[in-house]
Amino acid sequence: MRTLYYVPMIHSDKELGGLGPIIKTVREKVYGKSTSDHDERAIENLWERIRLWVHQAVKDAQGLVIYQDGMPTGPRDKVRQLFDLLLAECPQGPLFQFTKELIDMGAVLEGTEDINLVIKRATIYREIYQATEKCQNLNDIQNFILKKVEEEDELILQADRFIAKRINETLPEGGRGILFMGYRHKVVEEII
């Protein structure tokens, strides 16, 4: 029997590299700075609770396979090198900090996503930012964001199917894994 711990999460701007400031700017334009600041604090609190829950549920991280949102597939040594680069670029990102903590405790990081889908989703965020720079009308910005969210929903569905297949292929019988996925994903529904 295999065990997969599922952790729905929200990305912090601190782990999105160059996209972080873009998303923060868009959020501030649409919702206001005070709401944006409140959201950041709420995400930090969520990660504190996630960390506590995982330590209670998993207990021993030795051999635990980590699957995480946005981590492209590839040989494990290359995935780890990419992770180390991301951690160096975004050392305050709670997902990266916690992943590093679990790796230090004996967990292994597995590539999770199709790089082409990751790039397409990142492109949508850049398009939203560019639109907010050009649009003067808040309604125009919100309508554009809604249109792009619909595009992203289709990409997320494709990603979820890919990720579920990846977990089914790489989590060994008797193995334990943990899946950190953005809250809009429905990977668990795709796992057989």
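Predicted model: local features only at pLDDT ≥ 70, side-chain atom pairs only at ≥ 80, totals over all residues.

Residues are numbered from 1 along each chain as its sequence is written, and side-chain values use heavy atoms, with hydrogens and water left out.

Start with helix 5, residues 115-134 (helices are DSSP runs of H or I, at least four residues, and strands are runs of E, at least two, numbered from the N terminus). Its 20 residues reach 29 Å from first C-alpha to last, close to the 28 Å expected at 1.5 Å a residue (that is, 1.5 Å times one less than the number of residues). Buried in helix 5 are Leu 117, Val 118, Arg 121, Ile 124, Ile 128, Ala 131 and Thr 132 (buried means under 20% relative accessible area, exposed over 50%, partly exposed in between, with a 1.4 Å probe and protein chains only). They sit on the same side of helix 5 because they cover an arc of only 150 degrees around the axis, judged by the directions from the helix axis to the C-beta atoms.

Now the rings: the structure holds 4 aromatic pairs (rings of Phe, Tyr and Trp, the last by its six-membered ring, with centres within 6.5 Å; planes under 30 degrees apart are stacked, over 60 edge-to-face, the rest tilted). Tyr 5 and Trp 53 are edge-to-face, because their planes stand at 75 degrees, with centres 6.4 Å apart. Tyr 5 is in strand 1 and Trp 53 in helix 2, so this pair ties together parts 48 residues apart in sequence.

Trp 47 and Phe 180 make a tilted pair, 6.1 Å centre to centre. Both are buried, and ring pairs link Trp 47, Phe 98 and Phe 180 into a cluster.
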